[in-house]
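Please open the model in a viewer and keep the selection panel at hand.

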Number of protein chains: 4
Amino acid sequence: MPKISQAQRDARQNQILDAALACFSENGFHQTGMADIVKRSGLSHGAVYLYFQSKDDIIEALAVDRHRQEAILSAVGTDQAEDPIAALRKLVHAYARWLTDPDAERTRRVSVNGWSEALRNERVRAGVIEGIDAPRQMITNLIERAQSRGLWNRDANPDAIARTLVALFQGFLLQKVWNEPLDIDVIVGTVDQMVTALATAKTPTKPRKQRALER
Amino acid sequence: MPKISQAQRDARQNQILDAALACFSENGFHQTGMADIVKRSGLSHGAVYLYFQSKDDIIEALAVDRHRQEAILSAVGTDQAEDPIAALRKLVHAYARWLTDPDAERTRRVSVNGWSEALRNERVRAGVIEGIDAPRQMITNLIERAQSRGLWNRDANPDAIARTLVALFQGFLLQKVWNEPLDIDVIVGTVDQMVTALATAKTPTKPRKQRALER
Amino acid sequence: MPKISQAQRDARQNQILDAALACFSENGFHQTGMADIVKRSGLSHGAVYLYFQSKDDIIEALAVDRHRQEAILSAVGTDQAEDPIAALRKLVHAYARWLTDPDAERTRRVSVNGWSEALRNERVRAGVIEGIDAPRQMITNLIERAQSRGLWNRDANPDAIARTLVALFQGFLLQKVWNEPLDIDVIVGTVDQMVTALATAKTPTKPRKQRALER
Amino acid sequence: MPKISQAQRDARQNQILDAALACFSENGFHQTGMADIVKRSGLSHGAVYLYFQSKDDIIEALAVDRHRQEAILSAVGTDQAEDPIAALRKLVHAYARWLTDPDAERTRRVSVNGWSEALRNERVRAGVIEGIDAPRQMITNLIERAQSRGLWNRDANPDAIARTLVALFQGFLLQKVWNEPLDIDVIVGTVDQMVTALATAKTPTKPRKQRALER
DNA sequence: TATGAATGAGACTTCATTCAT
DNA sequence: AATGAATGAAGTCTCATTCAT
């Protein structure tokens, strides 16, 4: 017998999360006070605590934005018949678009705060890892399918390549939030080249000579 | 005027920075209190404020670790006669080694905190940018020299490739501090392949077809 | 005018008081929140405020439990013909029984909270005083009747003895709620002895020699 | 290398405890805010937390006032040669004097608050119990010595009598803080009579007939 | 130079009470 | 009569910084 509907609850929750996202993106998690979130949300202190148990809960909810991940991943269908390399390109384009979407700027900035937070908040860390595992898994799968169809060099290590691509996008995200010049065409072009190059590379991914560097 | 020698001053300063590095790497900038730094340094509150004007000063000093950058870059000589591609590989190896050096773990973690801090602290941001500009510039120069010697595809965009490599290492650094499995051989192998592939790629870095994605 | 019967009103009120008694006995008046009482009562916040104007009203209602006093006092009839000393013993036994009745534990604990509350809440204080005045009066009367029948030393001060007995039971109540070992036989035996001894004592209750201690 | 002497530390601590005692005796533990204590002590918020870790620490320090116990107990020497019954009377007088000492009013009121607090704060409870164990033990010893010298009925249960005396004083304390008329001569006289009566009583402390009341 | 006690603004959170439904 | 979401003042405690010694 709730007094308000689930839709209303969700609306309030989003009201708070929107306010928090704005504050966090401007001032970071720890420079933002609950009073800032309260003021920006237009609610009262008490109301905010009706929807979130603590400031940390709000941080976690935003540091780990599952919604975003899914939105990007959904760009690539799960149609097994599709050309895996074409699908991989689609994925790259979807990420690149999100990376440069002005409406996603706040989210990008909060993501970077979340990366830092993940170093000392286990729940945030788990969420962040989970958030990068999804695309990594998808990329790995696409490469494996490409290998099985003879479209990708069979000596390649799909997981290593997936991690490389993920790392690449994390790095680009950083440069973006720091207002470094970041030309989406150049990104996409470079990554496309990389993909092409890695797909056809003859050299094994883990050559014997470099073993010495391992620790 | 100073009653203690410059050497003593430097020793004290490093004592403080060491303590702060330890604290920051464990708890982040804003979860660390001055009291933590004071206690860990073995000095007094007053003493710390004799060497740094504020906590922000200490954060800046550590978020921007020029020392580290120089150490890595010095791995690659400035000998213009040297094979630029070999030099590039050396640089990659030096970074990869730093990335997996256990003694550098604290610094890596503080770096990530600094990336987040750079979003709202202009001086930190400037320092961070400066820190990635140095290697980017060096990489760009090496690729340009390679192009001028006919060792690298002349259609490639050296700056874009340099940014890509920098982004890649930032991403790997993140995965490292999150304790993700990170095999240095695989990294180096993959990057080597990438370098080789990009050097010989026929496709232009910024093809006409992808223009549409630009915003 | 009321839309529900008086019986229903009383039932609701008791529902609230039962819940409050449970909460107060566990956590004290000020560590218990209205939310605790609301939850335990199974009612809503609004409903509780329909029956009590404020939390203080609930505290007062429980800190001053007239019901309990009457129940104990009723153990001793008002039959003027009865042997007053036997009646006094009955009263002592009734109190002692209540003191060790497991079902009264909550009430005992809340009583102690009430004693403390009486220090700063005039209405609670009045109720508490009233609650101890009733048995004190009854004891005084019994002793006076005993004196008039020649069963009790006529030099004794009935009021002083009554206050002494009341004090004694308050002290035993404290020891009980603190889970100190409290043997009911020993209590009753000791009090019986005291009563006997005081009834027959030759020494005046207020000897001249001790005047000096008075302030 | 403390900056201030232990004496200065103690002075500050007492400054805080005095302020807290005043506040607590007027408004109780939970109606008193830290701000009240801070204001009354003349110190700053931070200074108070330099000397006590939390409000609960201050409550504990005052709810359990060992100093007072010792002061009262010291009224009775430990001279084994002394007449134990005279010593017991001295103890009674010392307590009675404390009970009516105007300067001890605050302490008495806070004691009652402590009794209530002991119900839900284990550390306070332990302290309160300890505080009543000391005099109980002393009384028990005195009675045992009296028994061994033939000055006290050997059938008496020294522990039961000690507990009875302690309970009695707790009850008188309550009546005092509630501003009930409390004549010290009457108290002392009554207790004296009780002691005399119990010392010479023929009836055993735990008669068979009352067994039935035991639970 | 160096100390560390002291400051006080501001942090997060709770909770008795109200009122639109 | 009854609900429970909402309020916002007030609660406890922290912490970067200062300054008398």
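**Stop 1**

Select Arg136(A) and Glu180(B): the two residues form a salt bridge, with their closest N and O atoms 3.9 Å apart. A salt bridge here is a side-chain nitrogen of Lys or Arg within 4 Å of a carboxyl oxygen of Asp or Glu. The model is a predicted one, in which local features need pLDDT of at least 70 and side-chain atom pairs count only at pLDDT 80 or more, while totals for chains, interfaces and linings use all residues. Residues are numbered from 1 along each chain as its sequence is written, chains are lettered from A and ligands numbered from 1 in the order in which they are written, and side-chain values use heavy atoms, with hydrogens and water left out.

**Stop 2: the interface of chains B and A**

Now colour chain B by helix. At least two residues of the side that touches chain A come from each of helix 1 (6-31), helix 6 (84-100), helix 7 (105-117), helix 8 (122-148), helix 9 (158-177) and helix 10 (184-200) of chain B. Helices (H or I, at least four residues) are DSSP runs, numbered from the N terminus. Which helix of chain B supplies the largest share of this side? Helix 9 does, with 13 residues. By residue class, the side of chain B that touches chain A divides into 27 nonpolar, 20 polar and 17 charged residues. Ala, Val, Leu, Ile, Met, Phe, Trp, Tyr, Cys and Pro count as nonpolar, Asp, Glu, Lys and Arg as charged, and the others, Gly among them, as polar.

The contact (heavy atoms within 4.5 Å) takes 64 residues from chain B and 64 residues from chain A. Chain B and chain A bury about 5700 Å² between them, 58% of it on carbon and sulfur atoms. Buried area is the accessible area (1.4 Å probe) that two parts lose on being put together, summed over both.

**Stop 3: the axis of chains A and B**

Superpose chain B on chain A: a turn of 179° and a shift of 0.0 Å along the axis give an RMSD of 0.2 Å. In chain B, Leu168(B) has the C-alpha nearest the axis, at 2.2 Å. The same surface serves both copies, as 100% of the contact residues of chain B recur in chain A. Copies are superposed by least squares on the C-alpha atoms of residues with pLDDT of at least 70 in both.

**Stop 4: chains C and D**

Select Glu180(D) and Arg136(C), which form a salt bridge with the closest N and O atoms 3.8 Å apart.

Then centre on Ile132(D), in helix 8 (residues 122-148) of chain D. Is Ile132(D) buried or exposed? Its relative accessible area is 12%, so it counts as buried (under 20%; exposed is over 50%, partly exposed in between; 1.4 Å probe, protein chains only). Leaving aside neighbours within four places in sequence, Ile132(D) is in contact with Trp178(C), Glu180(C), Val166(D) and Gln170(D). Ile132(D) and Val166(D) are 34 residues apart in sequence, yet 7.3 Å apart in space, C-alpha to C-alpha.

**Stop 5: between the pairs, and within one chain**

Show every chain again. Chain A and chain C do not touch, their nearest C-alpha atoms being 11 Å apart; chain B and chain C do not touch either, at 31 Å.

Finally, select Glu117(A) and Arg120(A), whose side chains meet in a salt bridge (3.0 Å, N to O). Glu117(A) is buried at 4% relative accessibility, whereas Arg120(A) is partly exposed at 24%.
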